[in-house]
Amino acid sequence: MSEERNIDPFSLLILVLSIIAIITEIIGPFASFFLGGYSYRYSCLNCEYSTPVDFILQYLILILFVIQIIIALNELLPNKFIPLDVTKYGMYLAILTWIFAIIGLASFGLTYSAYEWWPELGFYGTVVGGVLNTILFFLYQKNK
């Protein structure tokens, strides 16, 4: 007889959303401002117009998403490599993710407040990923 194992949809969605959020953070700028003329400047992982705060927080956000991926993989694999229940910590990390994104954007906005500035793909991807992962971790905890 074959043993059927059900795949947890919450952990699978957390895994996919975290990967998408990491990709949007890496390929897209976090925020931008209009310098004048036809000149735009960006805050990203390798841009010179990132503020120290949003630059550090962008890397911390990536680390938080990697940890969320590890937690989701732990729940998806049949033999867990972390024997403890760490999903509630995943929810706290997901909350920290979107809080860090908002603080990073506020830092960018305060630094370049003399210019017209706006959030970009990297910000939206991390905030949406963090909020959705928070909801999914909460639902996972509730449905245990």
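A disulfide is a pair of cysteine sulfur atoms within 2.5 Å. In this predicted model, such a link joins Cys 44 to Cys 47, with an S to S distance of 1.8 Å. A search of the whole structure finds 1 disulfide. The link of Cys 44 and Cys 47 is right-handed, with 80° about the S-S bond.

The two cysteines were then assigned to accessibility classes. Buried means under 20% relative accessible area, exposed means over 50%, and partly exposed lies in between. Cys 44 has 9% relative accessibility and therefore counts as buried. Cys 47 has 24%, so Cys 47 counts as partly exposed.

Two helices were examined next. Helix H2 spans residues 52–76, and helix H4 spans residues 121–142. H2 and H4 pack at an angle of about 30°, and their axes lie 12 Å apart. Angles under 35 degrees count as roughly parallel. H2 and H4 are therefore roughly parallel to each other. The crossing of H2 past H4 is left-handed.

Residues from both helices build the contact. H2 supplies Ile 61, Phe 65, Gln 68, Ile 71 and Glu 75. These residues meet Thr 126, Gly 129, Gly 130, Asn 133, Phe 137 and Tyr 140 in H4. By residue type, the contact of H2 with H4 divides into 5 nonpolar, 5 polar and 1 charged. Gly counts as polar in this scheme.

Conventions:
Residues numbered from 1 in each chain as written. Predicted model: local features only at pLDDT ≥ 70, side-chain atom pairs only at ≥ 80, totals over all residues. Heavy atoms only, no water. Axes fitted to C-alpha atoms, helices over the stretch in contact; angles between N-to-C directions. Helix = DSSP H or I, 4+ residues; strand = E, 2+ residues; numbered from the N terminus. Parallel < 35°, antiparallel > 145°, perpendicular 65-115°, else oblique. Left-handed = near helix turned anticlockwise from the far one by under 90°. Contact = heavy atoms within 4.5 Å. Buried < 20%, exposed > 50% of the residue type's maximum accessible area, 1.4 Å probe, protein only.
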